[in-house]
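Hi,

Here is the structure I promised to pass on to you.

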Amino acid sequence: MVGNMVKNKCSKETMVSIISRDILPVLPGKIRELLTELPGEALDQIEEIRLRQKKPLLLALTREDTMVTPLGQLTGVPEFSYVVSENDMARAIQLVSGCSIYAFEEEIKNGFITIRGGHRVGISGKAVLDRGRVKTIKNITGLNIRIAREVTGTADRVLPYIIDPVSKEFHHTLIISPPRCGKTTLIRDIIRQLSSGVPAIGFRGCTVGLVDERSEIAGCFNGEPQKDVGIRTDVLDGCPKAEGMMMLIRAMGPQIIATDEIGKQEDAAALEEALNAGIKVLTTAHGADREEIVQRPVLRYIMEQRIFERLIILGRSRGIGTVEDIVNLRDNKSLVR
Amino acid sequence: MFKLIGVCLTLTACGYIGLTWARIYEKRPQQLTALEGALQLLETEIIYTATPLQEAMKHVSQRCDPDISELFRNMAAELEKTEGATAGEAWERAADDFYSGTALNQRDLHILKRFGASLGVSDREDQAKHLEMTRSQLRLASTQAETLSRKNSTIFKYMGFLSGLFLVLVLY
């Protein structure tokens, strides 16, 4: 707990430098000026910066959101606030994409771009369809810059349960959690520790292959992970999960394969392939509890096949990222209760 | 004796001026063709490998005709500054800096600048169209410049020398 607090303090202190290093360069000049005028404690709390065309510039802080006057003061009154102009919007889009919209077609299709530092910029506007599927977004009128804070150490309390204390082997693990309960943060930290090694429990690092379809875990920018995912991790960024797993198995010789949000038919086949190759699997799925996930055919199949050995259930009963339960799927007994 | 040296100097000076003018006429079609080739390289970077603009510019500057590589080097440098300029503005500045050292004329510069306005702002399909259009404009300008060069470069070469000769006769 003490360790956690110290880490949080450290990340807070560097928040201003994170913003000036990663966020300010992608903002148009005028908004950049406004943000540099802001008091340090406000900058520290910024979680999102929202740009909507012809609407006030909004900053989402830890507790509430706030607007900024054209002189760089915080305000709650829309009439006094700085309004994002069309020009600001057009510039912001160019800067976010490094003046290369064409290089981010796939990302725009998915609705967000990852920028340097692993921060995500959500995009809204008019969707252009091609045979019923989103081809691109044009007339972009909304940007949401979400500042990513790296929280390390979240995996500390689950690692003893997913690594065998005697053989030091990693168990096949599935993490389930409702949205926004810290699933991605947890899997990232598990990957980091598995890959770099966990001296506290005598686990030596092993090769991890990470298929990061939505660039969420490693937060890649130009293919280079912006988040710490360990020293023995190979990241396949933006690659469809099933295909990516196969590619990693064939080419990179991983000991552990990690991916998030399984749920498609082909994912199950790829998992079985990994199992046959003797590779350990670490993955996540949406869902509040076991009953909920077995209602989905693919996940039920996976559970019936008894692929996984450990099930971690996340929730928010005691704040985001609460570990509600860790189940040993071999004998269906809880390990923490 | 001094007169003879004077005659020689006048002739060389005027001849040299004529040759320089002629060389500009000869250089322009070459540089336009080189630009067209460089845009072809840029097209590969953008359409097939979807390389981000700054890197794409660097690659092109390394591989294109050294005569015009400055434009792409300038552009990469402009994009590296994180001042919040759009690709269009950066390209405009890069083109202005590049222009003075070349044989290009205002019309050519205008073609380049118009291209800059669309650079990087749309998807690959659209970028391909703009690149193709600019390349065909450059190709046309290059053919015209070629004809002009064939006509004028010989004239300027002779005219420099002949006007020197004329000056000598008048002053003698």
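This is a predicted model: local features need pLDDT of at least 70, side-chain atom pairs count only at pLDDT 80 or more; totals for chains, interfaces and linings use all residues.

Chain A first. Its secondary structure amounts to 12 helices and 15 strands. With a radius of gyration of 21 Å, close to the 20 Å that the globule rule gives for 337 residues, chain A is as compact as a globular protein of that length. The C-alpha trace spans about 60 × 55 × 35 Å along the principal axes of chain A. Of the 337 residues in chain A, 39% are buried. If you take the contacts in chain A between residues at least 6 apart in sequence, 61% of them join residues at least 24 apart.

Chain A is split into domain 1 (2-146) and domain 2 (159-334), and the C-alpha centres of these two domains of chain A lie 30 Å apart. Where they touch, domain 1 of chain A contributes seven residues and domain 2 of chain A eight. On the domain 1 side of that contact in chain A, one residue is nonpolar, four are polar and two are charged.

Now for the two chains together: 17 residues of chain B are in contact with 16 residues of chain A. Helix H2 (53-63) and helix H6 (124-171) of chain B are the elements that give two or more residues to the side of chain B touching chain A. That side of chain B has seven nonpolar, eight polar and two charged residues.

Best wishes

Terms used
Residues are numbered from 1 along each chain as its sequence is written. Chains are lettered from A and ligands numbered from 1 in the order in which they are written. Helices (H or I, at least four residues) and strands (E, at least two) are DSSP runs, numbered from the N terminus. Ala, Val, Leu, Ile, Met, Phe, Trp, Tyr, Cys and Pro count as nonpolar, Asp, Glu, Lys and Arg as charged, and the others, Gly among them, as polar. Domain bounds come from an automatic or database domain assignment. The radius of gyration is taken over C-alpha atoms; the globule rule is 2.2 Å times the number of residues to the power 0.38. A residue is buried if 20 or more other C-beta atoms lie within 10 Å of its own, exposed if 12 or fewer, and partly exposed in between; C-beta atoms are placed from the backbone.
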